[in-house]
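Hello,

Here is the structure for you to look over. My notes on what was found follow below it.

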Amino acid sequence: DIIVFDMLLSQRGSDTLWRAFPVQEGVLTREQMLFQLMTASSISGPCAKLYKRELVTNIRFDTDFISGEDWMFVCDCVQEAERFRYCAQPSYRYFRAETTGQSRVTRFPDKMLNNQLARYDRKKQLLEAQRWTEHTAQQIHSLAARELIENLFNLSAQLLLAKQYTAERKEKIRAAVTEAGKALIAPVQKKTQLKLWVLTS
């Protein structure tokens with residue numbers, strides 16, 4: 001139903017091979033697909049994949065999202081699909097621009113923040129819906145919480161640069177990372193601990 005390929009990331013004039021999975025190519029389980037979606041960014045976009053036509057007939061991108069809509073779309077596809085395969089060959093070249101993130105933060109600060117929080121909520125829903133056998137839900141939740149803290153730290157820096165780090169947004173971020181911090185399990189990287197401390201104090 002879904003075949004996942006590697007891709008080339010083109011940035012600053014050079015290409016980097018972006019491997020979709022840290023495993024040999026072949027058949028994948030839904031758990032492997034969801035684990036990668038929950039803990040890494042290597043398959044979070046719709047590109048570098050082949051989809052069975054019947055699978056995507058009724059799946060649409062959420063137009064309320066300006067950040068994370070790709071990830072939501074892939075999640076919907078993975079939940080509907082039954083069979084997955086990984087082909088360890090680059091099939092797509094992705095050109096990454098350097099300025100899109102800051103531009104979106106300046107124009108849509110609340111949407112960017114709300115999209116991050118909604119994606120984290122979706123990950124918590126997936127944690128409960130999936131029966132995990134290779135990993136524990138606690139491990140995955142910790143990784144998802146760490147990603148949220150990292151993303152909100154970066155977003156906070158962008159909001160500061162854009163002079164849009166209001167008291168209301170600051171409090172919303174502080175509450176979110178405080179809650180996410182409770183899901184972290186050892187070992188927690190020092191940089192994550194520092195970012196959590198900065199955002200909560």
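**Hairpin, helix and pocket**

Met7 has Trp18, in strand S2, as its bridge partner. This is a predicted model.

That pair belongs to two antiparallel strands, S1 (residues 2-11) and S2 (residues 14-18), joined by 5 bridges. The two strands make a hairpin with 2 residues between them. In the turn, Arg12 has a positive phi of about 55°.

S1 also comes up around helix H1, where it is part of what covers the buried residues. The buried residues are Glu31, Met33, Leu34, Phe35, Gln36, Leu37 and Met38. Besides S1, the cover over them includes strand S3 (26-28), helix H3 (69-80), strand S5 (84-95), helix H5 (109-129) and helix H6.

Next, the second largest pocket. Its volume is about 160 Å³. Which residues line the second largest pocket? They are Phe153, Ser156, Ala157, Leu160, Tyr165, Lys170, Arg174, Val198, Leu199, Thr200 and Ser201. Two or more lining residues come from each of helix H6 (137-161), helix H7 (167-181) and helix H8 (190-200). H6 gives the largest share, 4 residues. By type, the lining of this pocket has 6 nonpolar, 3 polar and 2 charged residues.

Regards

Methods:
Residues are numbered from 1 along each chain as its sequence is written. This is a predicted model: local features need pLDDT of at least 70, side-chain atom pairs count only at pLDDT 80 or more; totals for chains, interfaces and linings use all residues. Side-chain values use heavy atoms; hydrogens and water are left out. Two strands pair if DSSP finds at least two bridges between them. On a 1 Å grid over the protein atoms alone, a cavity is a set of points where a 1.4 Å probe fits but cannot get out, and a pocket is an open set with protein on both sides within 12 Å along at least five of seven lines; lining residues have an atom within 4 Å of a point. Grid points are joined across faces, edges and corners, and a volume is the space filled by probe spheres set on the points. Ala, Val, Leu, Ile, Met, Phe, Trp, Tyr, Cys and Pro count as nonpolar, Asp, Glu, Lys and Arg as charged, and the others, Gly among them, as polar. Buried means under 20% relative accessible area, exposed over 50%, partly exposed in between (1.4 Å probe, protein chains only). Contact means heavy atoms within 4.5 Å.
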